[in-house]
Amino acid sequence: MQIARRYNIFHTPHKVWRACLSLLREKTEKTDFLAPEQVRELAQLATLVFEAYRQHTLSENEVLAPATQRQNYADHWMDVHEWHANPVNDMKKEVDTFFKGPPSKWQSAGKTFYKRLMEFIEEDNGHTSIEEYSCMNMFWALYTDDQLFDLDAKATSYWTKLSP
């Protein structure tokens, strides 16, 4: 028996999001925190990734959560995004400290940043999996693929072009 494929509004944005996190993880692992240019490059990439996260969660909170047609679920979903914003804000602070203190502090800030990033990636993988499966099943029950495509277009309209 063949299962019909349905349009998944989370597939593409989460694939892109995971790629962004992977690039940031890899750049962090390769950065020599005593080399100002490498630290500057990492800070620029981190700033872009954090902005992508802000845009992504804004689109989900403003478009997709209300579309679940279940206020308690939408509230929970937005609470989870708010909770996820805390480690992102902490990582932003770490990036800011890279250049506010003497280079001797960068190594320590880099280790803390990397630890927070890895913890966030682990948590976010679980979160996006829930969206891609549990949430998506809810959307499939509520909407046709054409309606999902329209919802996805509305959600992605919140995104702007990001460039270094």
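When two helices cross, the crossing is called left-handed if the near helix is turned anticlockwise from the far one by less than a right angle, and right-handed if it is turned clockwise. In this structure, which is a predicted model, H2 passes H5 in a right-handed crossing. Helix H2 covers residues 36–67 and helix H5 covers residues 145–156, and the two pack at an angle of about 155°, with their axes 8 Å apart. Because angles over 145 degrees count as roughly antiparallel, H2 is roughly antiparallel to H5.

The side of H2 in this contact is supplied by Ser59, Val63, Leu64 and Ala67, while H5 brings Leu151, Lys154 and Ala155.

We can now turn to the aromatic rings, of which the structure holds seven pairs. In one of them, the ring centres of tyrosine 53 and phenylalanine 120 are 5.7 Å apart and the ring planes stand at 85°, so this pair is edge-to-face. Since tyrosine 53 belongs to helix H2 and phenylalanine 120 to helix H4 (residues 103–142), the pair ties together parts that are 67 residues apart in sequence. Are these two residues, tyrosine 53 and phenylalanine 120, buried or exposed? Both tyrosine 53 and phenylalanine 120 are buried.

Ring pairs can also join into a group, and here they link Phe10, Phe139 and Tyr143 into a cluster.

Terms used: Residues numbered from 1 in each chain as written. Predicted model: local features only at pLDDT ≥ 70, side-chain atom pairs only at ≥ 80, totals over all residues. Heavy atoms only, no water. Axes fitted to C-alpha atoms, helices over the stretch in contact; angles between N-to-C directions. Helix = DSSP H or I, 4+ residues; strand = E, 2+ residues; numbered from the N terminus. Parallel < 35°, antiparallel > 145°, perpendicular 65-115°, else oblique. Contact = heavy atoms within 4.5 Å. Phe/Tyr/Trp six-rings, centres within 6.5 Å; stacked < 30°, edge-to-face > 60°. Buried < 20%, exposed > 50% of the residue type's maximum accessible area, 1.4 Å probe, protein only.
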